[in-house]
Amino acid sequence: MGLVKHVIISIVLILLIYIGYVGYAVMTLQPQGRAEWGYVDKNSTEVWITLNLGKPLLVPFNVKSLSIKLENIPFIKVERFEYHATDKFLKMAIAIDNKKMIQALVAYLNNGNKGNIEIDFSGQALGVIPIKYSAEEPINVNPLEYINLTAKSEEIGPFLTPAIIGSKNVWGGVEGNKAVIYTYLKMYNPNSVPIPVTGISFKLYMNDIQVGEGKIAETVIVPAKGYATAKVKTEINLDSLPEVWVKHIKQGEASIVKAEIYLNITAGQFKYTHKLRAVEKKIETNIMGDINDILTSLR
């Protein structure tokens, strides 16, 4: 009995030391994280995350599921998870479903640029203890504000074309496989006579991929030395956006937006269909930087 007693006491002491170490390790944990873009194609995008826990936790655990949803549409999940109880590094790859990401974005825009990012996590410690975590964060960002079309006046015959001094974009929903955006082009007429613009159309490119086109049917009269606004219906081909996303990531989160704008102008007996110089704008994001800022704040 004495031997059994000593064995039991030894096991209890070992368990207490183990629990004490795990508790200390968790309480003093200062993880250092780093994320980077992984494999990307038109179907999915990988983000590789490495966490340096600073010390082994000596607690085996695994991730059963991780889901990130926008407007109740899951578009991110865990694809790979690597962790060993005696290792201080935790590695995982999460996969973004590009098509579902666009579906979630459309649902978000349909809701008036308001929505919630939801995170659901579940795992197991020691193979039996369930670990669950969920969080919800509201977002209210208008991505259409990044697109602003401008064009300078150009000389054609005795006149100057109206300048496009800015634009505003309003979400118009989805028709078939095309997203509808109403673009309001503000124009200035530098001429001393009114200029009727009988038609405006443009083709929109991102990273040399045509993603949409816009047109207006009614005449807009821009007064002499004055301003007028034309409402243009722009249709974006949703099927083209995954390829645009791939190039955006591979180009270091940078994209070139280009618009070829055509004006039909009537001035007295003169009638012109004039193509303005292509308008280009570079759009940059810092998604990976934001992710790394979040990982840094874990310390």
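Mentor: A cavity is a set of points on a 1 Å grid over the protein atoms alone where a 1.4 Å probe fits but cannot get out. The model here is predicted: local features need pLDDT of at least 70, side-chain atom pairs count only at pLDDT 80 or more, and totals for chains, interfaces and linings use all residues. Residues are numbered from 1 along each chain as its sequence is written, and side-chain values use heavy atoms, leaving out hydrogens and water.

Trainee: How many cavities of 30 Å³ or more are there, and how much space lies in the largest cavity?

Mentor: The count gives one cavity of 30 Å³ or more.

Trainee: Which strand supplies the largest share of the lining of the largest cavity?

Mentor: Lining residues have an atom within 4 Å of a point. Among them are Y146, N148, V257, V279, E280, K281 and I283. The largest share, four residues, comes from residues 279–284, strand β18.

Trainee: How are α2 and α3 oriented to each other?

Mentor: Helix α2 covers residues 98–110 and helix α3 residues 241–250, with axes 10 Å apart and an angle of about 110°. Angles of 65 to 115 degrees count as roughly perpendicular. The two helices, α2 and α3, are therefore roughly perpendicular.

Trainee: Which helix supplies the largest share of the lining of the second largest pocket?

Mentor: That pocket holds about 260 Å³ of space. K99, I102, Q103, P242 and E243 are among its lining residues, and α2 and α3 each supply at least two. The largest share, three residues, comes from α2.

Notes: Axes fitted to C-alpha atoms, helices over the stretch in contact; angles between N-to-C directions. Parallel < 35°, antiparallel > 145°, perpendicular 65-115°, else oblique. 1 Å grid on protein atoms, 1.4 Å probe; cavity = no way out; pocket = protein on both sides within 12 Å on 5 of 7 lines; lining within 4 Å. Points joined across faces, edges and corners; volume = space filled by probe spheres on them.
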